[in-house]
Amino acid sequence: MSFTPFQAPLLAPLLGDARAASLFSVRADLDAMLAFEVALARAESSCGVIDPEAAAAIERAADVFQPDVAAIGAGVERDGVAIPEFVRQLKLHVGAPHGRHVHYGSTSQDVVDTSLILRLRALIVLYREDLERLIAGLEDLRLRFGATMMPGRTRMQLAVRISAADRITAWLSPLERALERLADFEPRLLVLQFGGPAGNLHVLGERGPKVAEALARELGLGRPEGQWQAQRDRIAEFAAWISLTAGSLGKFGQDIALMAQNEIAEIGLTGGGGSSAMPHKPNPVKAEVLVSLARFEATLLAGMHQSLIHEQERSGAAWTLEWLLLPQMCVGLGAALRLAGNLTGSIERIGPSPERSTS
């Protein structure tokens, strides 16, 4: 078993999501870092900080730059962050006299955090598309089966009769609100991080704010008031949204697993999981995993809230904790959305089975 199920050959097909995982690959991270450095050179050129020839040289070099990943890894072991070695290699690749303008006025955290935001922007597109498809699938189920009457249960005991539409709406409405929340906080999340060594852009002097505005435009990101390198509420808010959304999917999965019990049989599913010892059992695997992933996300969210606690202008410890937790949360939600979509498509009946109704 791998140390992380999201990359384990035996578990990743069930628990992982290749689309989300690709955005946390070495290649995706390095590409986003390089995009930052090219955009910074363009922005500084437009603001008169570096010569246009230097910006053009940096951009040309970036087009064919192949970083030494092993050396960057060794640099992380030494420096605690990839950027010093990454920038050293890029400067050498650009060469004299323009290499000295690479990364000018910036700092490691500007590159790492902005790389993260660029990749989260692509991830949010995937999340939104998955949620919209899932909502459409649930709306179709409500249209097909909504008029069916079935037992309602409170505290897992028989209560009064409800329609299938009542229960489907309880699955659907939180996901619609998840889309609304996403639209609300997305502008707060997708913003540039650019503060320089101590967050006040002192190297760039009075031109710092103009460079920041130009850099944000180059990258298509929002421009916040100042920097946020030690203010991690944006990232924590995104993590909380992940946990909320996964929790809503977990409720869906829990209901499906209960409805699929043989003695209840209030749902018909295709493609249930098999048993090595009991061939008659079609286990509701996808529904069960939705519950597991919801609990996993809620557990990691506590750690993300711990990562809010930075010391002064930057914390290596809190920042590293975020690196450990956030990628797993992102891939976990990608998996949950994928599984929920597949599960929705496998539902062929909601309500008491005809066999039980006539028995």
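Q: Two strands pair if DSSP finds at least two bridges between them, and strands (E, at least two residues) and helices (H or I, at least four) are DSSP runs numbered from the N terminus. With that settled, which residue in S2 stands opposite Met150?
A: First, this is a predicted model, where local features need pLDDT of at least 70, side-chain atom pairs count only at pLDDT 80 or more, and totals for chains, interfaces and linings use all residues. Residues are numbered from 1 along each chain as its sequence is written, and side-chain values use heavy atoms, leaving out hydrogens and water. S1 (residues 149–154) and S2 (residues 157–163) pair in the antiparallel sense over five bridges. In that pairing, the residue opposite Met150 is Ile162.

Q: What phi does Arg155 take in the hairpin of S1 and S2?
A: Two residues sit between the strands of this hairpin, and Arg155 is in that loop. Arg155 counts as exposed, because its relative accessibility is 82% (exposed is over 50% relative accessible area, buried under 20%, partly exposed in between, with a 1.4 Å probe and protein chains only). Most residues other than glycine have a negative phi. Arg155 instead has a positive phi, near 55°.

Q: Is the peptide bond from Ala96 to Pro97 cis or trans?
A: Pro97 is in the loop between H6 and H7. Most peptide bonds are trans. From Ala96 to Pro97, though, omega is near 0°, and the bond is cis.

Q: Which residues does His101 contact, its neighbours within four places aside?
A: His101 belongs to the loop between H6 and helix H7 (108–145). Its relative accessibility is 12%, so His101 counts as buried. Taking contact as heavy atoms within 4.5 Å, the partners of His101 are Glu44, Ile50, Ala54 and Ile58.

Q: How are H5 and H6 oriented to each other?
A: Helix H5 (residues 69–79) and helix H6 (residues 83–94) have axes 7 Å apart and pack at about 140°, using lines fitted to C-alpha atoms over the stretch in contact and angles from 0 to 180 degrees between N-to-C directions. Under 35 degrees is roughly parallel, over 145 roughly antiparallel, 65 to 115 roughly perpendicular and the rest oblique. H5 and H6 are therefore oblique.

Q: How many residues of H10 are buried?
A: Start with the length of H10 (residues 233–259): at 1.5 Å a residue, its 27 residues should span 39 Å, and its end C-alpha atoms agree at 39 Å apart. That expected span is 1.5 Å times one less than the number of residues. H10 is mostly covered, and of its 27 residues the buried ones number 19.

Q: At which residue in H8 does the kink lie?
A: End to end, H8 (residues 164–189) agrees with expectation, because its 26 residues should span 38 Å and its end C-alpha atoms are 37 Å apart. The bend at a residue is the angle between axes fitted to the seven residues ending there and the seven starting there. In H8 a kink of about 30° comes shortly before the proline Pro187, at Ala183.
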